[in-house]
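Please read these notes with the model open beside you.

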Amino acid sequence: MALKIRLARHGSKKRPYYRVVVADARAPRDGRYIERIGSYNPLLAKTDENRVIIDADKAKAWLAKGARPTERVARFLGAAGLWEWKPGNNPIKGKPGAKALELIEARKEKEEARKQAEIEAKEAAKEAEAAAKAAVAEAEKAAAAEAKEDAPEASAAEEKSES
């Protein structure tokens, strides 16, 4: 029989209170247990001595019999000096899944396409501005050339009208 030292939830809705129990691993969380070895009240302050109460002698006895604590209870036992608790290290847990990776890749491609379109639009605007300046310069040259052509004719017409 696989034994677990775990938390069994009691208390009312939104007011949890846990019992630290030794139970068969196959039993339901709040179901039948073999022995109660302590309690945990998460509503109390972390500095409060009544937040976690564990009977050290009973815990040692059950650990000697082969009971394995759950992660949370292992923390409590580690604080009491009964169990060596090591924080879990699962670097894969924080990585996004396949669908999330696809979405990230799609967003990245969309962003690159948007930036590329923005650069192309700026270049097109510069080219259009340069073409507009060239057209204005061409129009000014044409106007100046027309003014030169009209100037001799105008001076000849003035001379004829004066005579």
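1. In helix H2, Val73, Ala74, Phe76 and Leu77 are buried. Viewed along the axis of H2, these buried residues fall within an arc of 160°, so they line one face of the helix. Buried here means under 20% relative accessible area, exposed means over 50%, and partly exposed lies in between, with a 1.4 Å probe and protein chains only. The arc is that of the directions from the helix axis to the C-beta atoms. Helices (H or I, at least four residues) and strands (E, at least two) are DSSP runs, numbered from the N terminus.

2. A word on the source: this is a predicted model, in which local features need pLDDT of at least 70 and side-chain atom pairs count only at pLDDT 80 or more, while totals for chains, interfaces and linings use all residues. Residues are numbered from 1 along each chain as its sequence is written, and side-chain values use heavy atoms, with hydrogens and water left out.

3. What do the buried residues of H2 pack against? Their partners are S1, S2, S3, S4, H1 and S5. Contact means heavy atoms within 4.5 Å. After H2 comes Gly81, with a positive phi near 80°.

4. Helix H1 (residues 56–64) has Ala59, Trp62 and Leu63 buried. They cover an arc of only 100° around the axis, which puts them on the same side of H1. Asp57, Lys60 and Ala64, on the other side of H1, are exposed. The buried residues of H1 pack against strand S1 (3–12), strand S2 (15–24), S3, strand S4 (52–54), strand S5 (68–69) and helix H2 (71–80).

5. Both ends of H1 have a detail to check. At its start, a side-chain oxygen of Asp55 reaches to within 3.3 Å of the backbone nitrogen of Asp57. Just after H1, Gly66 has a positive phi of about 110°.

6. In what order do the strands of the open sheet lie? The five strands have the order S4-S3-S2-S1-S5, and the pairing is mixed. S4 and S5 are the edge strands, each pairing on one side only. H1 packs on the sheet, touching S1, S2, S3, S4 and S5, and its direction makes about 125° with that of S3. H2 also packs on the sheet and touches S1, S2, S3, S4 and S5; the direction of H2 makes about 100° with that of S1. Axes are lines fitted to C-alpha atoms, for helices over the stretch in contact, and angles run from 0 to 180 degrees between N-to-C directions.

7. Strands of a sheet pair through backbone hydrogen bonds, either parallel or antiparallel. Two strands count as paired if DSSP finds at least two bridges between them. S1 and S5 run parallel and are joined by two bridges; Ile5 has Pro69 in S5 as its bridge partner. S1 and S2 run antiparallel and are joined by 10 bridges. Ala8 stands opposite Arg19 in S2.

8. The hairpin of S1 and S2 has two residues between the strands. Lys14 lies in the loop between S1 and S2 and counts as exposed at 70% relative accessibility. Lys14 has a positive phi of about 65° although it is not a glycine. Most residues other than glycine have a negative phi.

9. The largest nonpolar core has 17 residues, of which Ile5, Leu7, Ile37, Trp62 and Leu77 touch the most other members. S1, S2, S3, H1 and H2 are the elements that give two or more residues to this core. A nonpolar core is a set of buried Ala, Val, Leu, Ile, Met, Phe, Trp, Tyr and Cys residues joined through side-chain atoms within 4.5 Å.

10. Is Ser39 buried or exposed? Ser39, in strand S3 (residues 35–40), is buried, with a relative accessible area of 8%. Leaving aside neighbours within four places in sequence, Ser39 is in contact with Tyr17, Tyr18, Arg19, Val20, Arg51, Val52 and Ile53.

11. Asp48 is in the loop between S3 and S4 and is partly exposed, with a relative accessible area of 29%. Asp48 and Glu146 are 98 residues apart in sequence and 98 Å apart in space, C-alpha to C-alpha.

Notes
A polar contact is a pair of N or O atoms within 3.5 Å; within protein, one must be able to donate a hydrogen and the other to accept it, and residues adjacent in sequence count only if both atoms are side-chain atoms.
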